[in-house]
Amino acid sequence: MLRYIAKRLLQMIPMLFLISVVSFIIIQLPPGSYLNTLIAQMRTQGDEINMEQVEALRIRYSLDKPAHIRYLNWIKGIITEGDFGFSFEWNRPVKTLIWERLALSLTVSVSSLLFSWIIAFPIAIYSAVKKHSVADYSLTFMGFLGLSVPNFMLALILMYIASVYFKFSVGGLFSPDYVMAPWSFGKFVDLLKHLWVPMIVIGMAGTAGLIRVLRNNLLDELEKPYVVAARSKGISPVRLIFKYPVRLALIPFVSTVGWQLPQMLSGEAVTATVLSLPTAAPLLLGALRSQDMYLAGSFLLLLSCLTMIGTLISDILLVIVDPRIRYE
Amino acid sequence: MDTMTEGNILEVRDLTVRFMMNEGTVHAVNGVTFSLPEGKSIGIVGESGCGKTVSAYSVTQLLPKTARVSGQILFREKEGTITDIAKLPVDGKEIRRIRGQEISMIFQEPMSSLSPVHTVFNQLAEAMILFQGMTKKQARERCVELLKLVGIENAERRVDEYPFQFSGGMRQRAMIAMALARNPRILIADEPTTALDVTLQAQVLSLIQEMQDEFKLSMILITHALGVVAHMVDYIHIMYLGRVVESGPTLEIFENPKHPYTRGLLNSIPKLHGKRGQRVSSIPGAVPSAYSLPEGCVFRARCSERRSACMYEIPRRIQVGSEHYVSCCLYDGEEDQYAANA
Ligand SMILES: Nc1ncnc2c1ncn2[C@@H]1O[C@H](COP(=O)(O)OP(=O)(O)OP(=O)(O)O)[C@@H](O)[C@H]1O
Ligand SMILES: [Mg+2]
């Protein structure tokens with residue numbers, strides 16, 4: 001098991017390298033740089049453009065150097081001192097901008113994921129066991145309804161309900177008092193108070209699909225001979241269902257966890273914008289728009305890393321739930 | 001109050017099983033009657049699709065929800081009381097006790113009848129811990145003992161392996177061990193060797209026979225090959241399309257077969273001393289669909305001795321020997337003959 005994990009970690013290194021190169025290329029692709037954006041901005045504001053100043057900036061940010069040198073400097077900074085470069089737009093080092101945002105993104109995504117599992121599991125198991133019953137049909141119908149309501153719509157409805165009926169400010173993840181405050185227990189509680197709206201909105205989107213997948217996996221398993229054989233031993237129906245078919249139905253499901261996490265991270269973008277959440281997606285969007293290359297590149301790099309970690313976690317889970325893989 | 005013949009541990013009476021499908025009703029079992037004397041073994045023989053598995057599953061209520069079962073399944077408990085299994089609530093406590101302690105089953109497909117993600121120990125020990133109140137340690141010792149008994153080498157190590165690490169023959173041995181783990185009084189073996197290759201078949205069959213002696217089991221052995229059961233069972237029941245068409249003591253069936261179908265089956269057993277090149281004769285035609293049963297005798301279409309009466313008369317069960325019964329209109333009236341001779 002440990003050897004397997006070590007092997008997988010080693011395999012990740014060339015992958016990481018590739019991803020960093022691709023991230024860098026992507027941020028270099030559009031013609032021009034942040035300085036062009038800056039000049040354009042100054043022009044529209046009628047400011048005098050000081051070419052000397054622009055030139056100084058160019059040298060300060062190594063924009064005069066060829067691309068591969070800039071790439072190497074960037075990577076060196078990241079590896080040696082966790083320095084992801086400088087954000088032109090925010091005029092701050094990238095590392096002071098992204099960690100909290102990423103952590104909040106992760107919190108929102110993971111809690112949405114957990115939320116959708118907690119909803120989907122019992123429903124899927126129930127409707128598979130009670131196949132073709134009224135309950136099964138109504139749950140399926142509600143699932144499709146959930147599948148077809150767009151995220152932002154649900155977000156707006158929930159915001160409306162929260163603010164009208166609960167007198168609750170629901171935009172963002174914090175109350176105004178806490179936005180700038182350092183982390184404390186109060187801030188944490190405040191986060192929990194705000195988290196449920198994005199959690200439901202983002203979680204709901206995946207739930208309907210999840211129910212279908214799980215229900216169908218389980219239906220396949222319920223008919224298998226090993227279930228009859230287990231039943232013939234005289235174990236109780238509930239124990240039987242959970243020990244055997246549910247366990248096996250989880251196997252194909254676990255392999256989807258890997259791409260669910262990154263999907264949640266990106267699925268969050270629209271919702272985050274609607275709900276004005278201080279998470280990674282809106283910041284990344286802004287950085288790409290203004291060609292704030294180090295900020296955008298760093299985000300792309302870290303999001304890719306998260307995807308890889310997600311895949312690794314799901315592979316490890318897969319080995320745990322399916323011994324057949326362990327012995328291959 | 002239900003009554004049973006003295007000495008029988010199980011009596012199935014007029015068992016009927018239908019499956020309600022979207023396409024129509026499948027008449028899988030149509031009035032099957034057989035009895036299992038305590039400590040003896042009976043064989044249920046018939047071609048594929050004749051309802052052997054469905055009959056066997058009914059005995060411990062293992063059929064899916066789509067099945068409609070009627071008839072009586074009388075089981076004599078250790079204390080002598082009689083339980084009608086057909087009347088027990090689905091998956092209730094009573095039927096679970098019977099499954100867990102009284103009637104064990106060996107399945108047709110050893111490959112898929114074990115869970116691939118649980119160790120052999122886990123699956124073997126389950127019933128012991130649940131019904132016999134064993135600790136994990138005790139269960140483990142017993143598992144190893146059982147695996148050794150069914151001829152699995154390195155049982156101490158193999159008990160922790162997964163079924164996919166076992167060969168087909170070993171899996172069927174493990175299934176046998178699993179059935180025995182429950183200390184049952186009845187063992188139902190549903191074509192236990194069909195999925196195995198020929199060299200293993202004889203081994204597994206003789207293992208089952210040994211175990212029957214060792215555990216003093218009453219046994220129902222299901223097979224589609226009459227030759228297989230010849231030396232293993234005391235009584236034979238021949239099934240055709242959901243009915244028992246002939247039944248009697250093994251010797252009687254082999255020496256004095258009555259039903260044209262039984263004769264056909266006997267002729268299709270390859271003979272060891274037959275002339276080379278002599279074709280094994282088989283019964284012409286195929287089993288009709290269980291969706292729409294023909295009127296009259298269901299074997300009619302394939303019968304070489306059919307008469308006009310077979311068209312509309314469902315054959316009665318006629319006694320032609322002390323324990324020999326046949327359902328065929330060829331023997332109408334012989335019942336009186338037998339009674340007169342007796
Ligand atoms: N779950 C089910 N739903 C619908 N029909 C079924 C079901 N199980 C069995 N049948 C039908 O019932 C009939 C009897 O099947 P059964 O499995 O008992 O045959 P069998 O004698 O065991 O045959 P084999 O030798 O192939 O195992 C067949 O026509 C089969 O298609
Ligand atoms: Mg069968």
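Select Thr16(B) and Ser70(B): Thr16(B) stands opposite Ser70(B), a residue of strand β4 of chain B. Here strands are DSSP runs of E with at least two residues, helices are runs of H or I with at least four residues, and both are numbered from the N terminus. The model is predicted, so local features need pLDDT of at least 70 and side-chain atom pairs count only at pLDDT 80 or more, while totals for chains, interfaces and linings use all residues. Residues are numbered from 1 along each chain as its sequence is written, chains are lettered from A and ligands numbered from 1 in the order in which they are written, and side-chain values use heavy atoms, with hydrogens and water left out.

**The eight-stranded sheet**

Now display the open sheet of chain B, whose eight strands follow the order β6-β7-β8-β3-β9-β10-β12-β11 with mixed pairing. At its edges stand β6 (103–106) and β11 (318–319); each has a single partner strand, so one side of each is left without a neighbour in the sheet. Inside this order, select β3 (41–45) and β9 (235–240) of chain B, which run parallel and are joined by four bridges. Val45(B) is found opposite Ile238(B) of β9(B).

Move to His259(B), in the loop between α9 (250–255) and α10 (260–267) of chain B. Is this residue buried or exposed? His259(B) is buried, with a relative accessible area of 1%; buried means under 20%, exposed over 50% and partly exposed in between, using a 1.4 Å probe and protein chains only.

Show the polar atoms of its side chain. One of them lies 3.0 Å from the backbone nitrogen of Tyr261(B), and the side chain also reaches the backbone oxygen of Ser327(B) at 3.2 Å. Beyond neighbours within four places in sequence, the residues in contact with His259(B) include Val245(B), Phe299(B) and Cys328(B), contact being heavy atoms within 4.5 Å.

Select Cys328(B) next. The structure holds zero disulfides over all chains, a disulfide being a pair of cysteine sulfur atoms within 2.5 Å. For Cys328(B), the nearest cysteine sulfur is that of Cys329(B), 5.2 Å away. Cys328(B) is buried, with a relative accessible area of 7%.

**The interface of chains A and B**

Finally, show both chains. In this interface, 24 residues of chain A are in contact with 29 residues of chain B. About 2,400 Å² is buried between them, of which carbon and sulfur atoms give 60%; this is the accessible area (1.4 Å probe) that two parts lose on being put together, summed over both. Arg231(A), Ser232(A) and Lys233(A) lose the most area on the chain A side, together 29% of what that side buries.

The two chains share four salt bridges, each a side-chain nitrogen of Lys or Arg within 4 Å of a carboxyl oxygen of Asp or Glu. One of them joins Glu126(B) and Lys243(A), at 3.1 Å from N to O. On the side of chain A that touches chain B, the largest share, seven residues, comes from α11(A).

Methods. A polar contact is a pair of N or O atoms within 3.5 Å; within protein, one must be able to donate a hydrogen and the other to accept it, and residues adjacent in sequence count only if both atoms are side-chain atoms. Two strands pair if DSSP finds at least two bridges between them.
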